[in-house]
Amino acid sequence: MNLYTAAQMGEADRRTIEERGVPSAELMENAARAVVREVRALPIPGPGFRDGPTAWITRDGREPTPEEQAEFWAMRRRSAVVYCGPGNNGGDGVAAARMLLEAGWRVKCVLVGEREKMTDGCLEMERRLSEAGGMLEEFGAGDWGEYVGYDVAVDALFGVGLRGELGPDAAQAARQMKQSGWVVAVDVPSGVRADTGEVMGAAVKADVTVTFSRGKPGLYVGQGAAHSGRVVIAGIGIPDDVYPEGKDCLAVLVGREDVSLPPRPANAHKGEFGKLFILAGSRGYTGAACLAAGAAVRGGAGLVTLAVPGDVYPIVAAKCCDEVMAQPWPEDDGELVERAKGCTAAVIGPGLGQGERAERLVLRLMKELRCPVILDADGLNIISRHIHVLDEREGPAILTPHDGEFARLSGCGLPIADRLGAARGFAQAHRCVLVLKGCRTVTASWVGPCAVNPTGNPGMAKGGSGDALAGLMGALAAQKLADAPLLAVWLHGRAGDLAAADKGEYGMTPSDLIEQIPYAMKELV
């Protein structure tokens, strides 16, 4: 699914209104209708009420039974507080308030901002609200009690066009929205930059975000992903052909329909599915090498060779799965390099350490191998001190850093405000594939849009998950599968989701994830 920037969305709106003759008020009404549809579908009571103390007792002084509570919530009048800015996003909110009022809800609609700055669309929606018996009130910054206890809080403060931090009143409104049950954001949670996901000071943390016509990058990456909750994309009448072509998109969200695996030929043999070389492991870090190799085997590589330092070889040989060909490093560096040259892909770095010989081997392999090389962990740390080796490399290079490793590679500061821009810029500067790991991992190449991965869960935030990704990616690259990095990231996250469903996010391990890789792959064949 293509993701569009705030500027691209603004241009699509303009063309729809000016070139296609669709009234702005019609788009606003359609947007409000989509918001109301999601609000009315929410189970009431919401998160702010569900686990709290009982708010009422029966006439005989006892607490109500679960059945009596359910009957109470079904019969009571539902309520919403709608926070509106003075712009067109606020107009969407005012229209939504009117529709909820007409549906029998108890509604409080407040203007957070200067009335003099209200757009024509927002003023028109206020007129329609007034005709329906409602009122757009001025926001009382000191009156917290007036805004708590509603079933739903609707954030219509700002849309995609927000450029800076929220002002004091808007920031307070954003903080107090969680005093209601559910929080529903209109288009983009206020305080989140639509193009990057950067949170600018205070920001609304929504349970549901109803975004219009197309997805925006900031809803799916960085802190924006954590603030957006469940994202619903709602059509509001903007024609498809007013949007730029997909090649002009900043990013795409990888869907299930975008990934697949080819069926294996009936007469295939192991040599047809690639030979993967892994340089990994050191004293105290044998697990990283074994996890990478195990994931590579589960990822379908025909042959997996794991080269480890001689002093940890006995441990690795005992720990690794039987299918892995574990070997100690030979005394001669050239012999090890020749072994690697006989493979169709290489993974360098999991648990490798940064000793003198490890550094020498990494640099030599990067210079001499022509097959795809996946650099992970200490392989990345070593290359960060010799970035010219990456620039001079003739074969494909795939780098898989987490944020800290990326900061060492690129020199950027932490936290990374614009993950898409940072990944894309590095990939273009060094003509490599950059897989920036984290919540909603970003895969960037030096050509085309970035790919944002939707699979995965917090249970994967454990040591060893990255090693498993490197091994799986190496296996797919060794098999010469198209878009191996993107496919590996999706499968890795999907396997993590299957592991979480089986074991739970707290107790699942990277080994559990590796065991689920075949089932994730089975879904794609």
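Predicted model: local features only at pLDDT ≥ 70, side-chain atom pairs only at ≥ 80, totals over all residues.
Seven strands make up an open sheet, and their order is β4-β3-β2-β5-β6-β7-β8. The pairing in this sheet is parallel. Strands of a sheet pair through backbone hydrogen bonds, either parallel or antiparallel. At the edges stand β4, residues 136-138, and β8, residues 230-234, each of which pairs on one side only. From one strand to the next, the twist averages 25 degrees.

Strand β2 covers residues 79-84 and strand β3 covers residues 106-111; six bridges join these two parallel strands. Two of the facing pairs can be named. Val-82 stands opposite Cys-109 in β3, and Cys-84 has Leu-111 of β3 as its bridge partner.

Is β2 enclosed or open to the outside? Six of the six residues of β2 are buried, so the strand is largely enclosed by the rest of the structure. The cover extends to both faces of β2. On one side are Ser-79, Val-81 and Tyr-83, and on the other are Ala-80, Val-82 and Cys-84, all of them buried.

## Helix α5 on the sheet

Helix α5, residues 88-102, packs on this sheet. It touches β2, β3 and β4, and also β5 (152-156), β6 (182-186) and β7 (208-212). The direction of α5 makes about 160 degrees with that of β2.

How much of α5 is covered? Twelve of its 15 residues are buried, which leaves the helix mostly covered. The buried residues include Asn-89, Asp-92 and Arg-98, together with Gly-90, Gly-91, Gly-93, Val-94 and Leu-100. An α-helix has 3.6 residues a turn, so residues three or four places apart point the same way. Just after α5, Gly-104 takes a positive phi of about 95 degrees.

Helix α17 spans residues 465-478. It is mostly covered, with 14 of its 14 residues buried.

| Helix | Number of residues | First to last C-alpha | Expected at 1.5 Å a residue |
|---|---|---|---|
| α5 | 15 residues | 21 Å | 21 Å |
| α17 | 14 residues | 20 Å | 20 Å |

For α5, the reach is close to the expected value. The reach of α17 is likewise close to what is expected.

The largest pocket has a volume of about 790 Å³. Its lining consists of 34 residues, and those nearest the centre of the pocket are Lys-437, Gly-438, Met-460, Ala-461 and Ser-465. Several helices take part in the lining: α8, α9 (286-298), α13 (378-383), α17 and α18 (484-503) each supply at least two residues. Which helix gives the most to the lining of the largest pocket? The answer is α17, with four residues.

Most residues other than glycine have a negative phi, and most peptide bonds are trans. Some places in this model depart from that pattern.

Ser-213 is not a glycine, yet it has a positive phi of about 70 degrees. This residue sits in the loop between β7 and α8, the latter being residues 222-228. Ser-213 is buried, with a relative accessible area of 9%.

Arg-431 also has a positive phi, near 50 degrees. It is found in the loop between α16 and β16 (433-436). Is Arg-431 buried or exposed? Its relative accessible area is 56%, so Arg-431 counts as exposed, the cut-off being over 50%.

The peptide bond from Leu-414 to Pro-415 is cis, and its omega is near -5 degrees. Pro-415 is placed in the loop between α15 (403-410) and α16 (419-430).

## Val-259, a buried loop residue

Val-259 lies in the loop between β9 (251-253) and β10 (275-279). Its relative accessible area is 4%, so Val-259 is buried, as this is under 20%. Which residues does Val-259 touch, not counting those up to four places away in sequence? They are Val-254, Leu-486, Leu-487, Trp-490 and Leu-524. Val-259 and Asp-483 are 224 residues apart along the chain, while their C-alpha atoms are separated by 8.9 Å.

Note on methods:
Residues numbered from 1 in each chain as written. Heavy atoms only, no water. Expected span 1.5 Å × (residues − 1). Buried < 20%, exposed > 50% of the residue type's maximum accessible area, 1.4 Å probe, protein only. Pairing = 2+ DSSP bridges. Axes fitted to C-alpha atoms, helices over the stretch in contact; angles between N-to-C directions. Contact = heavy atoms within 4.5 Å. 1 Å grid on protein atoms, 1.4 Å probe; cavity = no way out; pocket = protein on both sides within 12 Å on 5 of 7 lines; lining within 4 Å. Points joined across faces, edges and corners; volume = space filled by probe spheres on them.
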